[in-house]
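Subject: Handover of a structure and notes on its contents

Dear colleague,

Please find below the structure that I am handing over to you.

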Amino acid sequence: MSDTPEPSPESKLSIEPTAETIPWYKEGLRFGCTGCGNCCTIEGHVWVDRREARRLARHLGIDLDAFGKKYLRKVGWRYSLTEVPIPGVRGKRACVFWNGVCTVYPARPRQCRTFPFWKENLESPETWLEAEGLSPGVGAGRLYSIGEIEDLAAGKGETGGG
Ligand code: SF4
């Protein structure tokens, strides 16, 4: 017989999920890319790490240095894809790879692959509502489970269309 005491009912309860540990999106969230391009034309940065830059360079068939010079800009200690003016739309800029569609789709960075399931969008129903305002695909389309959402928020996997 073991002399390790049985956990008390209270200590068992303490590992059960609580209202504080269950995310507000426990029933899942919907997203379906409509191809609107809003996430490629909003103000902000498209962060690219070295691995992603290599992948993009390989996709384009150029070396990493040439890729960096042409398509990256340094922001603090990180790198973002450059932006270009949108023809005919004054004052608005788009990701350098946006041309009505993403021209590097198979090699797009993690930030693009996981939109809109970013930690900042998942903070609360209110931040998710703000993301819904950015793109008609947010809140519509396929239902992503809590597990899928948490993987995407951790940078794993990718969302698809529809
Ligand atoms: S890399 Fe592609 S998906 Fe990402 S912002 Fe640029 S155009 Fe959009």
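What percentage of the residues of the chain count as buried? Of the 162 residues, 19% do. A residue is called buried if 20 or more other C-beta atoms lie within 10 Å of its own, exposed if 12 or fewer do, and partly exposed in between, with C-beta atoms placed from the backbone.

Two remarks on the source are needed. This is a predicted model, in which local features need pLDDT of at least 70 and side-chain atom pairs count only at pLDDT 80 or more, while totals for chains, interfaces and linings use all residues. Residues are numbered from 1 along each chain as its sequence is written.

Overall organisation

The chain has 8 helices and 6 strands, and their order along the sequence is α-β-α-α-α-β-β-β-β-α-α-α-β-α. These elements are DSSP runs numbered from the N terminus: helices are H or I runs of at least four residues, and strands are E runs of at least two. Two residues are in contact if their C-beta atoms, placed from the backbone, lie within 7 Å. Among contacts between residues at least 6 apart in sequence, 66% join residues at least 24 apart.

The cores and the ligand

A nonpolar core is a set of buried Ala, Val, Leu, Ile, Met, Phe, Trp, Tyr and Cys residues joined through C-beta atoms within 7 Å. The largest one has 14 residues, of which Cys40, Val46, Val48, Leu81, Cys95, Phe97 and Trp98 touch the most other members. Helix 2 (38-41), helix 4 (64-71) and strand 3 (78-81) each give two or more residues to this core. Another core, of 5 residues, lies apart from it and includes Phe31, Ala131, Val138 and Tyr144. Leaving aside residues up to four places away in sequence, Trp98 touches Gly37, Cys40 and Thr41.

Around the ligand are Cys40, Val46, Leu81, Cys95, Phe97, Trp98, Cys102, Val104, Arg108 and Cys112; a residue is counted here if its C-beta atom, placed from the backbone, lies within 6 Å of the molecule. By class, this shell has 9 nonpolar, no polar and 1 charged residues. In this scheme Ala, Val, Leu, Ile, Met, Phe, Trp, Tyr, Cys and Pro are nonpolar, Asp, Glu, Lys and Arg are charged, and the others, Gly among them, are polar.

The hairpin

Strand 2 (residues 72-75) and strand 3 run antiparallel and are joined by 4 bridges; two strands pair if DSSP finds at least two bridges between them. Leu72 has Leu81 of strand 3 as its bridge partner. The two strands form a hairpin with 2 residues between them, and Gly76 in the turn has a positive phi of about 65°. In strand 3, Tyr79 and Leu81 make up the covered face, whereas Arg78 and Ser80 make up the uncovered one. In a regular strand the side chains alternate between the two faces of the sheet.

Individual residues

Cys112 is found in helix 5 and is buried, because 22 other C-beta atoms lie within 10 Å. Its C-alpha atom is 8.4 Å from that of Glu158, which is 46 residues apart along the chain. The peptide bond from Phe115 to Pro116 is cis, with omega near 0°, and Pro116 lies in the loop between helix 5 (110-114) and helix 6 (119-122).

Glu120, in helix 6, is exposed because it has 10 other C-beta atoms within 10 Å. Glu150, in helix 8 (residues 146-153), is partly exposed because it has 15.
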